[in-house]
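Have the viewer open as you read.

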Amino acid sequence: MHDVLPPALTQTQLDTALQQMRVVVGKDWVFSSEEDLSRYRDPWSPADDREFKARAAVAPDRIEHVQQILRIANAHRVPLWTISTGRNLAYGGPAPRLAGSVILDLKRMNRILEVNEKFGYALVEPGVTYSDLYRHIKERGYKLWIDCAAPAWGSVIGNTLDHGVGYTPYGDHFGMSCGMEVALADGDLVRTGMGALPGSSSWQLFKWGFGPYVDGLFTQSNMGVVTKMGIWLMPEPAGCVPFLITFQKEEDLHLITELVRPLKLSMVIPNGAVTTYATWEAAAHCTRAKYYRGQGPMPDSALRRMVEDLGIGMWNFYGAVYGPPAITRIQLQVVKDTLLQIPGSRFYTEDDRPADSALRYRAQLMRGIPNMAEFAIVNWYGGGGHINFSPISPPTGEDAVKQFHMIRARMHEYGQDYLGEFAIGWRDMHHLACIAFTRDNEAERRKAAELFGVMVRDAAAAGYGEYRTHLAFMDQIANTFDWNNRSLWRLHERIKDAVDPNGILSPGKMGIWPKSLRGDAR
Amino acid sequence: MRPPTLLIAICWVNAFAAEPTGAEVFEQFCSACHASGPHHPGTQLLAATRGNSRSVLTDRTDLTAEFVRSVVRNGLRTMPPFRPTELSNAQIDAVAKYLSKQ
């Protein structure tokens, strides 16, 4: 790999900045060798590593060092790319959008500053993972549950800032955040919400504070470096009953979605509920090769044999109810009365399927128990690489079916199995479709990236926008949000120019570029 | 104000706190993907690519410490690298020793 410098940055400027950073954090925590930097890559990425290669990395362990690093970077115009744990794999992981950036690696800032059982919250630093927080709570016997993303190694802050979701009633991670501390590009430090009132005891209790609510500006963006965040934690309920309902026909998707919607709106099913397609479900049990080794999408005959053999549905709906048995019994009866109207549907709890590894890991997630089992999806083909396509739609049967057919057709056209699931939130539906490829195979990688681009265009044309993406597609997807001549992105740019005039913070994140790098300047 | 003797005792305990063992490092950082049984994607992938007999890392007798160190620090295909900010050299040495059974 060759050395890369970002535009307009000289080697001298960079060397001077790095030397000053070594004085701040110690030479052991500034990384610049090829060997060091090879670890700041996303091994599941659809892109060549050289496209998103870091030039160096610096790893502070305290806020004062973060501030000093920001001032140094600002003085020398060094672009920084901030990561929490850098485990957002297949979205870029620890790699920067702008090649040649210096990674600001916050993994060493991993303190759990407070867990408050009385009010149900934690205050954490960026390097705290879901596993860390879960272990901390268990070791101390707090009667609190976390809501974790599917892979346990993710950062609580990082996942929240990327608009990630989970599977308990606290599944809207940003919705459940409360209060941030943010370091700005010039090193200034801000506490949002009630944290701006010295001595406030409500920083993690009341989101809105006084005046404009700015927390959102620091999510999926590059306006500041979040160094602390409050997250609400659910009091341990008196009971929890996760369940699975299997459905036998593809056509059932319409009615499943229509029947689930009122149960979600009324919070009979209060958690992040999911409807998985047969292939996504099967991946938790086995790899594709067990049922089909040929090229192209798995034929219907193999699909049906797999479904029958594994005892799963063409669609599989996961939800949970929470509370004492007297309440959950009634909630479950409402769920059954509603969803079991669909012919061929069957209802299961964990006791009914003790050997079912999919139900087991989903039940853990619905109880806020972190695990890594969802990564079985990466093993479906075994190539390691994948891109997640995840357009947002209303939770209607019509939209679910339209998206399913649209996306499956494209995936089949490109020789892929349709690997998908629908995650139904309160009033939204995320359709996750996983495009898998062999990372070492450049042709497969390029084809997967091409397929993704086509699906983004298809979805946008139908009014469905993406909610999150890999570095390589941030510009393309930002450009789909172009109502009124890109007015929202022009607003992002105006704010960016005001709070980070030298453009040192994560240039290009979500298609937001500093002035010096906009358009043809890149 | 804490009595000085208590403060000294706390410092003494911290100064002599044991480094985690290889088994502890494995449990905390590796087992979610590499423990035996279903539910663990690393074990599942090794079973598919290397066969069942080589799928459970703690059962293997062919792993060298050098190989484990290299794979954990640098990654290998689907397995991502673990940076020094995530796992120290000491932690990787401990788990390498544990898995290579040296």
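About 140 Å³ of space lies in the second largest cavity. Keep in mind that this is a predicted model. That cavity has 17 lining residues, and the ones nearest its centre are A:Y40, A:R41, A:D49, A:F52 and A:K53. Sorted by class, its lining comes out as seven nonpolar, four polar and six charged residues. In total, the structure holds eight cavities of 30 Å³ or more.

Now for a space that is open. The second largest pocket has a volume of about 730 Å³. It's lined by 29 residues, with A:R288, A:Y381, A:G382, A:T438 and A:E444 closest to the centre. Which elements give two or more residues to that lining? They are strand 19 (429–438) and helix 12 (442–461) of chain A, along with helix 3 (41–50) of chain B. As for the class of the residues, this pocket is lined by 13 nonpolar, eleven polar and five charged ones.

On to the helices, starting with chain A. Helix 1 (residues 11–25) and helix 3 (residues 63–76) of chain A have axes that come within 10 Å and cross at roughly 165°. An angle over 145 degrees counts as roughly antiparallel, so that's the label for helix 1 of chain A relative to helix 3 of chain A. The crossing of these two chain A helices is right-handed. On the helix 1 side of chain A, the contact is made by A:Q13, A:T16, A:A17, A:Q20, A:M21, A:V24 and A:V25. Helix 3 of chain A answers with A:H65, A:Q68, A:I69, A:I72, A:A73 and A:H76.

Chain B has a packing of its own to look at. Helix 2 (residues 22–34) and helix 5 (residues 89–100) of chain B pack at an angle of about 105°, their axes 8 Å apart. Because of that angle, helix 2 of chain B is roughly perpendicular to helix 5 of chain B. Helix 2 of chain B brings B:G22, B:A23, B:V25, B:F26, B:F29 and B:C30 to the contact, while B:Q91, B:A94, B:V95, B:Y98 and B:L99 come from helix 5 of chain B.

| Helix contact | Nonpolar | Polar | Charged |
|---|---|---|---|
| Helix 1 with helix 3, chain A | seven nonpolar residues | six polar residues | no charged residues |
| Helix 2 with helix 5, chain B | nine nonpolar residues | two polar residues | no charged residues |

Definitions and conventions. Residues are numbered from 1 along each chain as its sequence is written. Chains are lettered from A and ligands numbered from 1 in the order in which they are written. This is a predicted model: local features need pLDDT of at least 70, side-chain atom pairs count only at pLDDT 80 or more; totals for chains, interfaces and linings use all residues. Side-chain values use heavy atoms; hydrogens and water are left out. Axes are lines fitted to C-alpha atoms, for helices over the stretch in contact, and angles run from 0 to 180 degrees between N-to-C directions. Helices (H or I, at least four residues) and strands (E, at least two) are DSSP runs, numbered from the N terminus. Angles under 35 degrees count as roughly parallel, over 145 as roughly antiparallel, 65 to 115 as roughly perpendicular and the rest as oblique. A crossing is left-handed if the near helix is turned anticlockwise from the far one by less than a right angle, and right-handed if clockwise. Contact means heavy atoms within 4.5 Å. Ala, Val, Leu, Ile, Met, Phe, Trp, Tyr, Cys and Pro count as nonpolar, Asp, Glu, Lys and Arg as charged, and the others, Gly among them, as polar. On a 1 Å grid over the protein atoms alone, a cavity is a set of points where a 1.4 Å probe fits but cannot get out, and a pocket is an open set with protein on both sides within 12 Å along at least five of seven lines; lining residues have an atom within 4 Å of a point. Grid points are joined across faces, edges and corners, and a volume is the space filled by probe spheres set on the points.
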